Amino acid sequence: MPSNVLMPQTGADATEGKIVRWLKHEGDQVETNDIVAEIETEKVNMEVVAYSSGTLYRILVPEGQSMEIGKPIAILLKAGEQPPAEQPAAPVAKPAAAPPAPSTPTAQSAPASSPAPATPPRVAPAPAAPSPSAERTAPVTATPNGHAAYQNGDRIKASPLARRLAQEHQLDLTQIQGRGPGGRVVKDDIEAALQAGTATIEAAPAPAPAEAAPLAAAAAPAGGTERALTRIQLTAARRLTESKQNAPHFYLTVDVDMAEAMKLRATLNEQAEGSVKISVNDLVIKASAWALQRHPGLNSSYRDGKLLLRDRINISVAIATDEGLVSPVVPDVDHKSLGQIARESRALVERARAAKLRSEDYADGTFTISNLGMFDIETFIAIINPPQAAILAVGSVRQVPVVRAGELAVGEIMKITLSADHRATDGAGGARFLADLRRALEKPLLMAL
C-alpha cells in the first residue's frame, strides 16, 4: 500500500513544522534515506528523510505551509501500487474558516455593508455611535490572560503553537482567519497577522494609578526598534523561563587543574594525523559521562513527584547559531572513545551552523554542557535545559598562579559551574558529582579504565 512521508518529531514540545523547500518533486524516484525536503521547526531548520523507497506520487504540503507533527506531507508509491483514492474531506472542511453563524440573538454581528449595526441589548447605556472595535468585540468571551478563546459560544480552533504565539504577541484569535484544516488557526496565520499588524487585542484599560499615564508619556521619547525573534529564540525564551520558574536551581562552582588533561590532549592531537582533533569540550563531555555513571541522580528528570533515572547518558551540547542557541545530542557518551566524541561533536556543530540538524540530533538528551571558554569567559552559570536535572557551565582554561607542594607555580585552571534541580539532588550530591568530574579531568587516564 502507498506509504506516507510524515512531518518528523523534532522535540518533546514540538507541534508543527513548516516546509521550506522540497528537494524531490512529484514523479521523482526516492530511495530509502534520501533527503526529500527541508523544514523549519521551532528549534532549527532540518532535513526530512524518506524511510522507504518509491516514486513521489503526491506532495500534500507545498513550500511555505505548515503541518502538524506526525501528519503526512507526501505520498510514496512502490512499483505496481495504485494511487490512493482522493479524499474530498479537506476541501469540504475549508469553508469552516469563514466566521461562524450567530448562535444567539445577543451575539449577532451586522454585515459589513450594514450602515447601522444593532447595539447588543446587554450593553447599557450604549453610546450614541458605537465604535467598530466595540461591535467587533461584543460577541467575544475572553480568557483570564486577555486572549479571546470563544466567539458566539464556540471555541476558536487553533493549534497549540498558534495559541502560544498569539499569547506571546498579544493577538486576538477571533480576528484571525484560520487557513488550516477545518478553519484551524495555525502558525502561518499568526505570522501573517503579525506582518499585517492586525488582530491586536483591544482590551479594556486596566485600573492604574493616575500618575501612570504621565510616566508612560515621559518614557516614550526613548524610542527604539522592534526586532522579531526567530523560532529558536522564541522557543528558548519560553523553555528557559519555564525552567527558571518551575525548577528550584542551585549552583556549585569548582576550579579544575587542567594541566594533565591539556598534556593528554596535545599528545592525542599529535598522533591524530589529520583526523578530527580533540577539544577541551570533548574532554569535558567524556569526563561528565564518567562522573554521571557514578551519580545517576544528575542524569535524571523530575516528573510528577517522581525521579526518572535515565538508563542512557546522552549529552546535549549547547551550540550558538545565527538563529539562536540549539542543544543537539551526542548519544551514549559513556560507551564512546574521545575520538568518536570529537567526530560526532564536530559533525553536530557543522550541521547546526548550516541549519541541517536532523530530528534524531535532538533525541533524548539527559544532561547538558554549555562551554563559553572559547569566548574567554572565566565563569558563568547556566539555566537547566528541561526536562533534564542539571547543566554544566564551562569556562576558559587560564594560566594563573597556584601553590603546589608549598611552592608558587603557574597552573592551567578551568572553572566549572553546576546548575542542578533541587528536586532531583541536593548540595551534597552535586558536590560529590563535581568532585568526581574534577578527578576525571585532573587524572584523565582514569577515563580509559
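A nonpolar core is here a set of buried Ala, Val, Leu, Ile, Met, Phe, Trp, Tyr and Cys residues joined through side-chain atoms within 4.5 Å, where buried means under 20% relative accessible area, exposed over 50% and partly exposed in between, with a 1.4 Å probe and protein chains only. The model is predicted, so that local features need pLDDT of at least 70 and side-chain atom pairs count only at pLDDT 80 or more, whereas totals for chains, interfaces and linings use all residues. Residues are numbered from 1 along each chain as its sequence is written, and side-chain values use heavy atoms, with hydrogens and water left out.

The largest nonpolar core holds 47 residues, and those with the most contacts inside it include I315, F367 and L392. Helix α8 (residues 280-294) gives the largest share of this core, nine residues; helices (H or I, at least four residues) and strands (E, at least two) are DSSP runs numbered from the N terminus. A second, separate core has 17 residues, among them W22 and I39.

The whole structure contains 18 salt bridges, each a side-chain nitrogen of Lys or Arg within 4 Å of a carboxyl oxygen of Asp or Glu.

K415 in strand β21 (residues 407-421) and D255 in strand β12 (residues 249-257) are 160 residues apart. K18 is buried, with a relative accessible area of 19%, while E191 is partly exposed at 25%.
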